[in-house]
Amino acid sequence: MSKVQELKVEAREGRGKGPAYQARQKGLIPAIIYGGTAEPQTINVDGRTLERHVEAGHFLTTLFNLDIAGKKTRAIPRAVQLDPVTDRPVHVDFLRLAEGGTVKLEIPVHFHGQDVSPGLKKGGVLNIVRHSINLICPADSIPNTIDVDISKLDIMGTVHINDLNLPKGVQPVIKGRDFTVCSIVASTSVKEEQKAAAAASDAPAAEAAPAAAAPAAKAAPAAAAAKPAAKK
């Protein structure tokens, strides 16, 4: 779980491109706080401070206490707009979160145990069905990632959502369906080896059939010769 981060921001008067442009000229990033019962509020965030939080990772699943002149508002980033050239943030949307509230988030999935997985050791391939999972999370218990252990997964083995130990209070958005998260499938080389092994096991039986038929074929003329001729 990520800790709640403190972030000082300042109120911004006015909306639209003009005030936002002026903020960026001062090294600030325009943002907005919305949601809950209060009206949306425009704010500015220090550009360097915001970039450090974004570069640290898990920004969109991190809870912040936004300090606006001593008044704190608990919120979570919902969207970050990046400059197409510099790839730096140019605008952020924050969603207010009340005490005891929940939020729907797309949490990334982290796989571990690949080095000891029996299926992968046999030449299988990890088939990742879900790189992230949509979850309903309590505001105070937002996981950074969902960990999936495949250390005991063999070829044709599968991990479903019900196999995972989700954090307390965290639930999948999709209800009533035990959907697949990942599986280990046989690679093309493994399938070819299995086909070759099956063909090799069938070969002795195929060779034995003509060998058994040969003595029977030789015995048939001999039996016919030994039979006495019918009386006329």
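Buried here means under 20% relative accessible area and exposed means over 50%, with a 1.4 Å probe and protein chains only. Helices (H or I, at least four residues) and strands (E, at least two) are DSSP runs, numbered from the N terminus.

Quick note on the source: this is a predicted model, where local features need pLDDT of at least 70 and side-chain atom pairs count only at pLDDT 80 or more, while totals for chains, interfaces and linings use all residues. Residues are numbered from 1 along each chain as its sequence is written, and side-chain values use heavy atoms, leaving out hydrogens and water.

So which residues of helix 2 are buried? In this helix, residues 47–55, they're Gly47, Leu50, Glu51 and His53. Looking down the helix axis, these buried residues fall within an arc of 160°, so they line one face. That arc is taken from the directions from the helix axis to the C-beta atoms. Over on the other side, Arg48, Arg52 and Glu55 are exposed. After helix 2 comes glycine 57, with a positive phi near 95°.

Pairing takes at least two DSSP bridges between two strands; strand 11 and strand 13 (residues 180–185) have 3, antiparallel. There, valine 159 sits opposite cysteine 182 of strand 13.
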